[in-house]
Amino acid sequence: MNEELELRPLRARMSLRTDFIFYPVDGNDFAQIIKKRGYELKEAPQTMGPFRVEFPGHLAEKDGNQVILDTNRQILAVDGQDPETIISIFSELEEIINEEMNIEYGDNIRFYETVVDYHVYTEKNPRTIIEKASRHDETAEAFTDMLGKPVSLFTLRYASKGTLPNSPEWIDVRLEPFVRRADKVYSFNLVHRSLNRDSVKDTLANVEIMIKKLVEKIQS
């Protein structure tokens, strides 16, 4: 890694959302299976009626990573900090559901999603670096004229072209100075949602390479 950059993960998530009338994964069975695999159970189910039990969220932990099972919203997720570990645990959970519980999601997958937050420490000044990107920004000039005060770009944010944010195919990436230490640290956020599981997993697996290339590009 470039000596000028230090990447510190704040949060990373890999998740899957399905769309069944009745979510086919029985939370109690799932909890007992993963307990045998070394997961520490955390949250008891909620009884919603004589025939319905729901798991509202934080089901278990493994190696400091949280397993989220929200049977109401049909979300299975792994939250942590290390992308490689998150992918490994998520893949294990998928395998359990498919092979041990004999459940196929099939066409009922709405999307896979990864969400990542990092801080990037640098020897250069993030506020100055991003400000330079707006030197020829006509929008910044228009705001300067309107406000009567000089303004410049603070955030670099890009998203999937021609796509709405609620689409199952969506990428949203943001880089900006971390407000509390704007002269030393970037704040990086990425959301990638897709029906293509491998594409989302690859994004999470390679996110630190992506961050490094992005920051090196704007600082060059």
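Tutor: Gladly! Let's begin with R193: its charged end sits over the ring of F111, 5.4 Å from the ring centre. Keep in mind that this is a predicted model.

Student: What makes the charged end of R193 count as sitting over the ring of F111?

Tutor: The distance part asks for CZ of Arg within 6 Å of the ring centre, and R193 lies 5.4 Å from the centre of F111. The label also needs the charge to be within 35 degrees of the ring normal. R193 over F111 is listed as such a case. A second one is R8, whose charged end sits over the ring of Y121 at 3.8 Å from its centre.

Student: Why is the pair of Y23 and Y105 called stacked?

Tutor: Two cut-offs decide it: centres within 6.5 Å make a pair, and planes under 30 degrees apart make it stacked. Y23 and Y105 have 6.4 Å and 20°, and the pair is stacked. The two residues also come from distant parts of the chain, 82 residues apart. Y23 is in the loop between strand 1 (5–18) and helix 1 (27–36), while Y105 is in the loop between helix 2 (83–100) and strand 8 (109–122). Both Y23 and Y105 are buried.

Student: And what makes the pair of F90 and Y112 edge-to-face?

Tutor: The cut-off for edge-to-face is over 60 degrees between the planes. The planes of F90 and Y112 are at 75° and their centres are 6.5 Å apart, so this pair is edge-to-face. It too links distant parts of the chain, with F90 in helix 2 and Y112 in strand 8, 22 residues apart.

Student: How do you know that F90 is buried?

Tutor: Buried means under 20% relative accessible area. F90 has 0%, so it counts as buried.

Student: Which residues form one aromatic cluster?

Tutor: F20, Y23 and Y105 do.

Student: Now for the surface. Why is F143 called partly exposed?

Tutor: That label covers the range between 20% and 50% relative accessible area. F143 has 41%, so it counts as partly exposed. You will find F143 in helix 4 (residues 138–147).

Student: What kind of patch do F143, M146, L147 and V151 form?

Tutor: They form a nonpolar patch on the surface, with about 390 Å² of accessible area together.

Student: What makes K42 partly exposed?

Tutor: The relative accessible area of K42 is 41%, so K42 takes that label. K42 is in the loop between strand 2 (40–41) and strand 3 (46–49). Leaving aside residues up to four places away in sequence, K42 touches H58, L59, A60 and E61.

Student: Why is S220 called exposed?

Tutor: Exposed needs over 50%. S220 has 77%, so it is exposed. It belongs to the segment after helix 6 (207–219).

Student: Are they buried or exposed?

Tutor: D63 has a relative accessible area of 66%, so D63 is exposed. Q74 has 8%, so Q74 is buried. D63 is in the loop between strand 5 (56–62) and strand 6 (65–70), and Q74 is in the loop between strand 6 and strand 7 (75–80).

Student: To finish, how many helices and strands does the chain have?

Tutor: Six helices and eleven strands. Buried residues make up 42% of the 220 residues in the chain.

Conventions
Residues numbered from 1 in each chain as written. Predicted model: local features only at pLDDT ≥ 70, side-chain atom pairs only at ≥ 80, totals over all residues. Heavy atoms only, no water. Phe/Tyr/Trp six-rings, centres within 6.5 Å; stacked < 30°, edge-to-face > 60°. Helix = DSSP H or I, 4+ residues; strand = E, 2+ residues; numbered from the N terminus. Buried < 20%, exposed > 50% of the residue type's maximum accessible area, 1.4 Å probe, protein only. Patch = residues over 30% accessible without salt bridge, like charges linked within 9 Å, V, L, I, M, F, W, Y side chains within 5 Å. Areas by Shrake-Rupley, 256 points an atom, 1.4 Å probe, with all protein chains shown as cover. Salt bridge = Lys/Arg side-chain N within 4 Å of Asp/Glu carboxyl O. Contact = heavy atoms within 4.5 Å.
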